Amino acid sequence: MPHRLTRPLAVATAALTFLAAQPPAYDEPLRPQFHFTPARYFMNDPNGLVFYKGEYHLFYQHNPLGEQWGHMSWGHAVSPDLLHWRHLPVALHEADGVMIFSGSVVVDWHNTSGFCTATGADRSCLVAVYTGHGHGKQTQNLAYSNDRGRTWMKYAKNPVLDPGLKDFRDPKAFWHEPTRRWIMVTVLPDQHKVRLFASADLKAWTPLSDFGPAGATGGVWECPDLFQLPIEGEPGRTRWVLDVDINPGGIAGGSAGQYFIGTFDGTRFVADEPAERTRWADYGADFYASLSFSDIPATDGRRIWMGWTSNWLYTNDEPSVTWRGAQSIPRALTLRRGRDGLRLVQTPVAEIERLRTAPAPTVITGITVLPGSAEIQLDVKPGAWTEAGIRLSNDAGEDVIVGVTRVPLEVFVDRRRSRRTPFHGAYPGRHAGPLAWRDGRLTLRVLFDRSVIEVFAGDGETVITDRVFPTQPLDRLELLPVRGAQPEARLWTLASVWNRRD
Ligand code: DQQ
């Protein structure tokens with residue numbers, strides 16, 4: 001006789017099956033509302049960022065089977081505006097003992113690879129260049145898609161680069177028009193070297209040059225990127241930026257991003273500054289593996305990157321449930337000249353202003369209700385103060401201070417008291433970065449999103465990204481009392497990008 005479930009059990013089973021098939025509510029207490037998070041399970045580095053036929057693609061390091069790092073595959077989402085993302089099925093799965101580590105995607109506009117099947121005027125397709133990790137080594141591999149990234153084929157003759165190295169990864173490929181060839185930037189992590197290759201067809205690669213060791217070398221080098229940026233206020237002038245992440249040995253402990261500014265002639269990157277000089281992309285503990293979008297049209301002209309808002313010190317222990325890991329807000333990049341030479345400037349993409357629920361901000365006086373997702377702007381003027389800033393807090397006695405100190409002149413995020421019940425010894429901390437007066441004022445633009453804080457200080461010159469994991473929502477905002485000229489703070493509530501069921 002066939003086994004039959006009793007009626008209550010059958011109802012319970014049906015309910016569970018129904019729940020498992022439902023999209024997540026995207027409303028768990030720590031779940032950011034305008035930052036990208038995976039629907040379920042673990043996410044780390046952004047991968048394959050590319051704009052193609054009206055869509056931004058975000059691939060990401062993903063464990064499709066669990067809440068900790070493992071089974072690395074490429075998760076996938078698309079967006080029309082860099083904010084509202086639609087999840088697509090996993091693009092590249094681990095297979096045959098080879099995990100899919102980080103890498104990039106390019107548009108092969110002229111079918112140099114021979115992978116593109118389209119015949120008309122537009123012969124383009126997408127090609128992914130990724131690291132295969134397995135069988136004791138790391139190799140560079142290709143996959144391609146002829147249906148706007150919906151399905152992917154791994155190249156039958158993978159790997160395309162296999163020097164037999166245990167650590168050799170994170171290819172970022174781009175088309176270099178002056179030499180009319182593809183360039184691939186990779187890292188030799190424990191040698192603290194970036195190695196460049198060139199190719200006519202994305203399949204056969206020739207080594208070009210090495211860069212490094214230089215800058216910070218207290219940990220392995222990972223996830224490089226190389227791109228040209230305009231210099232603000234100097235029309236027609238550009239410089240190249242080589243971004244290399246380091247773990248551990250970052251400015252706030254653990255993982256962090258550093259960059260070098262210099263020249264690239266199609267073969268070699270040469271830094272402008274001495275090898276001892278380290279420049280940090282972000283002074284917080286949670287901005288890693290940043291990657292810039294490929295193929296943003298020249299009519300737009302922006303170079304935009306995003307990074308993973310976590311740290312290898314504690315990522316596997318973060319106290320979020322069902323999902324783990326968030327990406328930063330996409331940031332537009334430029335270079336700015338100051339007393340200290342050129343530096344990278346990061347600005348949240350302008351699209352974010354469309355999320356403001358009202359055009360006029362609320363002016364902060366006394367203790368104000370802090371919505372879960374908000375943008376706060378703090379303006380500080382010269383005065384007799386030693387420290388100025390804002391305090392985000394809750395009834396549980398947890399708080400985060402975001403502010404500036406006068407001596408030394410710095411911006412900081414202090415999350416030491418942001419969680420009553422510790423989850424990892426490396427999490428509590430205060431992170432600070434150098435700041436300069438601009439036109440007689442200090443301005444902090446703070447993006448707060450439940451468990452993500454991004455601070456853009458000095459019009460993007462100094463950035464701090466820190467996750468915060470309070471045990472209950474930080475729902476109060478107030479200005480720190482200061483002596484002398486009162487700072488001004490304004491707040492915009494930001495709408496959720498996850499209010500759709502897709
Ligand atoms: N994460 C990937 C590697 C990369 C590291 C593996 C950086 O490709 O070097 O998940 O977070």
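The model is predicted, with local features reported at pLDDT of at least 70 and side-chain atom pairs at pLDDT 80 or more, while totals for chains, interfaces and linings use all residues. Residues are numbered from 1 along each chain as its sequence is written, and side-chain values use heavy atoms, with hydrogens and water left out.

**The ligand**

The shell has 13 residues, and the closest are Asp 45, Gln 61, Trp 69, Arg 169 and Asp 170. By class, the shell divides into 6 nonpolar, 3 polar and 4 charged residues. Here Ala, Val, Leu, Ile, Met, Phe, Trp, Tyr, Cys and Pro count as nonpolar, Asp, Glu, Lys and Arg as charged, and the others, Gly among them, as polar.

Next, display the polar contacts, that is, pairs of N or O atoms within 3.5 Å; within protein, one atom must be able to donate a hydrogen and the other to accept it, and residues adjacent in sequence count only if both atoms are side-chain atoms. In the side chain of Gln 61, an N or O atom is 2.7 Å from an oxygen atom of the ligand. Arg 169 places a polar side-chain atom 2.8 Å from a ligand oxygen atom. For Glu 222, the distance from a side-chain N or O atom to an oxygen atom of the ligand is 3.0 Å. Of the 310 Å² of accessible area that the ligand has on its own, the protein covers 97% (Shrake-Rupley method, 1.4 Å probe; for residues, only the protein chains shown count as cover).

Strands of a sheet pair through backbone hydrogen bonds, either parallel or antiparallel. This open sheet has 4 strands in the order β5-β6-β7-β8, with antiparallel pairing. β5 (99-108) and β8 (153-154) are the edge strands; each has a single partner strand, so one side of each is left without a neighbour in the sheet. Two strands pair if DSSP finds at least two bridges between them; β5 and β6 (residues 125-134) run antiparallel and are joined by 8 bridges. To locate the pairing, select Gly 103, whose bridge partner in β6 is Tyr 130.

**The disulfide**

Now select Cys 116 and Cys 125, joined by a disulfide with an S to S distance of 2.1 Å (the criterion is a pair of cysteine sulfur atoms within 2.5 Å). The structure holds 1 disulfide. The torsion about the S-S bond of Cys 116 and Cys 125 is about -65°, so the disulfide is left-handed. Are these two cysteines buried or exposed? Both Cys 116 and Cys 125 are buried, where buried means under 20% relative accessible area, exposed over 50%, and partly exposed in between (1.4 Å probe, protein chains only). Cys 223 also counts as buried, at 7% relative accessibility.

**The β3-β4 hairpin**

Move to β3 (residues 73-79) and β4 (residues 86-92), which pair in the antiparallel sense over 4 bridges. Trp 74 has Leu 92 as its bridge partner in β4. The hairpin has 6 residues between the strands, and Leu 82 takes a positive phi near 70°.

**Backbone geometry**

Most residues other than glycine have a negative phi, and most peptide bonds are trans. The next selections depart from that pattern.

- Gly 212 to Pro 213: this peptide bond is cis, with omega near 0°, and Pro 213 lies in the loop between β12 (206-211) and β13.
- Asn 247 to Pro 248: this peptide bond is cis, with omega near -10°; Pro 248 is in the loop between β14 (238-247) and β15 (256-264).
- Ala 289: phi is near 60°, the residue belongs to strand β17 (residues 288-292), and Ala 289 is buried at 2% relative accessible area.
- Thr 322: phi is positive, about 70°; Thr 322 sits in the loop between β18 (304-308) and β19 (323-324) and is partly exposed at 33% relative accessibility.

**Last stop: Thr 405**

Finally, select Thr 405 in strand β26 (residues 399-405). Thr 405 is buried, with a relative accessible area of 9%, and its side chain reaches the backbone oxygen of Pro 408 at 2.8 Å.

Definitions and conventions:
Helices (H or I, at least four residues) and strands (E, at least two) are DSSP runs, numbered from the N terminus. A residue is near a molecule or strand if one of its heavy atoms lies within 4 Å of it.
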